[in-house]
Amino acid sequence: MLSALLGAALLLVLGFALPLGWGRVAALQDPAKALALLHQPLIALIVLGLLVLFLWHAAHRLFKCLHDFGIHPGPLSKLSCYGSALVLSLVALWAVARLVL
């Protein structure tokens, strides 16, 4: 649920405010400034948190949708759904760490 709330705010900023140049967000239209913002540890931690929330939310929804499609989830489907979220979370951690360090 938290990823859905934060995703809406992210969509508002990246989908509307940035392209339309609303307020202080217009300063981020320069790619160099936006990349410099991502190099700050707090911003990188927020981005990592959002990525991980989205990954685990998607994995949970996919796991629950298996039942809707008539596939009764077992240990293998749980491992594939949540295991892929874990692997992709580690990849996101590595990518964000490379930005900061």
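1. The sulfur of cysteine 81 lies 9.4 Å from the closest cysteine sulfur, that of cysteine 65, which is too far for a bond. A disulfide is taken here as a pair of cysteine sulfur atoms within 2.5 Å, and by this rule the count is 0 disulfides. Cysteine 65 is accordingly in no disulfide.

2. The model is a predicted one, in which local features need pLDDT of at least 70 and side-chain atom pairs count only at pLDDT 80 or more, whereas totals for chains, interfaces and linings use all residues. Residues are numbered from 1 along each chain as its sequence is written, and side-chain values use heavy atoms, with hydrogens and water left out.

3. Buried means under 20% relative accessible area, exposed over 50%, and partly exposed in between (1.4 Å probe, protein chains only).

4. The structure holds 2 aromatic pairs. Rings of Phe, Tyr and Trp (its six-membered ring) pair if their centres lie within 6.5 Å; planes under 30 degrees apart count as stacked, over 60 as edge-to-face and the rest as tilted. The rings of tryptophan 56 and tyrosine 82 are stacked, because their centres are 6.0 Å apart and their planes lie at 15°. Tryptophan 56 belongs to helix α3 and tyrosine 82 to helix α4 (residues 75-100), so this pair ties together parts 26 residues apart in sequence. Helices are DSSP runs (H or I, at least four residues), numbered from the N terminus.

5. Tryptophan 56, at 33% relative accessibility, is partly exposed, and tyrosine 82, at 21%, is partly exposed. Phenylalanine 63 and tyrosine 82 form a tilted pair, 5.5 Å centre to centre with 50° between the planes. Since phenylalanine 63 lies in α3 and tyrosine 82 in α4, the pair connects parts 19 residues apart in sequence. Phenylalanine 63 is buried, at 10% relative accessibility.

6. Helix α1 (residues 2-20) has 19 residues and should span 27 Å at 1.5 Å a residue; its end C-alpha atoms are 26 Å apart, which agrees. The expected span is 1.5 Å times one less than the number of residues. Within α1, Ser3, Gly7, Ala17 and Leu18 are buried, and the cover over the buried residues of α1 includes α3 (41-68). Just after α1, glycine 21 adopts a positive phi of about 75°.

Terms used
Helices (H or I, at least four residues) and strands (E, at least two) are DSSP runs, numbered from the N terminus. Contact means heavy atoms within 4.5 Å.
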